[in-house]
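Subject: Structure handover

Dear colleague,

Here is the structure I said I would pass on. My notes on it follow below.

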Amino acid sequence: MDPKGQKVKLNDGHFIPVLGFGTYAPPEVAKRDALEFTPFAIDVGFRHIDCAHAYQNEEQIGQAIRSKIADGTVKREDIFCTSKLWCTSFRPELVQPALEKSLKSLQLDYVDLYIMHYPLALKPGEELYPKDENGKLIADSVDLCRTWEALEKCKDAGLAKSIGVSNFNHKQLEKILNKPGLKYKPVCNQVECHPYLNQRKLLDFCKSHDIVLVAYSALGSQRVKGWVNPNHPVLLEDPVLSAIAQKHKKTAALVALRYQIQRGVVVLAKGNNKKWIKENMQVFDFELTPEDMKAIDGLDSNIRYCDFQLGIGHPEFPFSEEY
């Protein structure tokens, strides 16, 4: 951690800001939101921007970043930009072209972090979710270790400063860590993580291998139809979080974000509202007590908002493992 507690060192020597701005939005508003909220997030102090090819708004995010570099708010090196390799480009020969496509959209020469979005290889092609006539995803048989080797080459080529994974369980991580001739370890594993799914075992596993856990859906989740189970309780209405928030004169959202930072987790905060985006920067203004942390730990109830039902049945579906 740097003295201000705002960056964490990755296992390859680079630093990642502990608070990131998430740019996922439902497809119908993704482009508009990216153009509107990304420059604002940079203005209020966000320096870590989390993107993905699958979000279909990298061009707009690129424009936003460019505009903030052009007006002198930031330099390129001030911004930590993540992109993600989508599952239809897992064949080794498709990896670098996919990254180059994202770089072109983002108008950047490199990304700071490039990660495999899910451990589920899918049939290559233009469709993000290739399905058969029964509506089931069409898997592609690619060894994740070969995909990883192609990511290592992207790092060597200077197209990505760091490389990592997302939504991997510990067995899938182990497969890469134990790969003969491994050149670079994943620097991170980006997973759903919040007080109702605190990922304690996966976090301990990652820490023991010097891999940073990055939390998405850290505030529960936007209720995106088809992705999120609508029957789950709303995290930010939890009485325990609300009581701790009142005590610190902060919001439940800030408490949920601060909880992650204090356990050494890098946390992404999405924002489709300027007031919330600005408010999320206040996460550095207070500290939770050990009692607060213990109380929040006690909320863990294995509730996964983004359970990716569509991926069930894929041989590499990650969420059937305990962690």
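I start with a salt bridge (a side-chain nitrogen of Lys or Arg within 4 Å of a carboxyl oxygen of Asp or Glu): the side chains of aspartate 112 and arginine 76 meet at 2.9 Å, N to O. Aspartate 112 belongs to strand β6 and arginine 76 to the loop between α2 (58–70) and β5 (80–85), so the pair ties together parts that are 36 residues apart in sequence. Both aspartate 112 and arginine 76 are buried. Buried means under 20% relative accessible area, exposed over 50%, and partly exposed in between, with a 1.4 Å probe and protein chains only. Helices (H or I, at least four residues) and strands (E, at least two) are DSSP runs, numbered from the N terminus.

The model is predicted: local features need pLDDT of at least 70, side-chain atom pairs count only at pLDDT 80 or more, and totals for chains, interfaces and linings use all residues. Residues are numbered from 1 along each chain as its sequence is written, and side-chain values use heavy atoms, with hydrogens and water left out.

Other salt bridges

The structure holds 18 salt bridges. In one of them, lysine 175 pairs with aspartate 143, with the closest N and O atoms 3.9 Å apart. This pair links distant parts of the chain, as lysine 175 is in helix α5 and aspartate 143 in the loop between β6 and α4, 32 residues apart. Lysine 175 is partly exposed at a relative accessible area of 36%, and aspartate 143 is partly exposed at 32%.

Glutamate 322 is exposed, with a relative accessible area of 59%, whereas lysine 201 is partly exposed at 44%.

Annotated residues

UniProt positions are given in the numbering used here, feature names are shortened, and annotations may be inferred rather than shown by experiment. In the unreviewed UniProt entry, the annotation "binding site" covers His117. Histidine 117 sits in the loop between β6 (111–116) and α4 and is buried at 7% relative accessibility. Its contacts (heavy atoms within 4.5 Å), leaving out residues up to four places away in sequence, are Ala52, Ala54, Tyr55, Lys84, Leu85, Trp86, Phe90, Ser166 and Asn167.

The "active site" annotation of the unreviewed UniProt entry covers Tyr55. Tyrosine 55 is in the loop between β4 (48–50) and α2, and its relative accessible area of 12% makes it buried. Beyond four places in sequence, tyrosine 55 touches Thr23, Tyr24, Ala30, Asp50, Lys84 and His117.

Strand β8

Of the 5 residues of β8, 5 are buried. Strands β7 and β8 run parallel and are joined by 2 bridges; two strands pair if DSSP finds at least two bridges between them. Valine 165 has asparagine 189 in β8 as its bridge partner. Glutamine 190, also in strand β8, is buried at 3% relative accessibility. Among the residues that glutamine 190 touches are Asp50, Lys84, Ser166 and Tyr216.

In helix α5 (residues 170–177), the buried residues are His170, Gln172, Leu173, Ile176 and Leu177. They cover an arc of only 160 degrees around the axis, which puts them on the same side of α5; the arc is that of the directions from the helix axis to the C-beta atoms. Their cover includes α4 (144–156), β7 (160–166), β8 (188–192) and α6 (200–208).

In α10, the buried residues are Asp292, Met293 and Ile296. Down the axis of α10 they fall within an arc of 100 degrees, so they line one face of the helix. The face turned away from that buried side carries the exposed residues Pro290, Glu291 and Lys294. The buried residues of α10 pack against α7 (239–248) and α8 (252–262).

Regards
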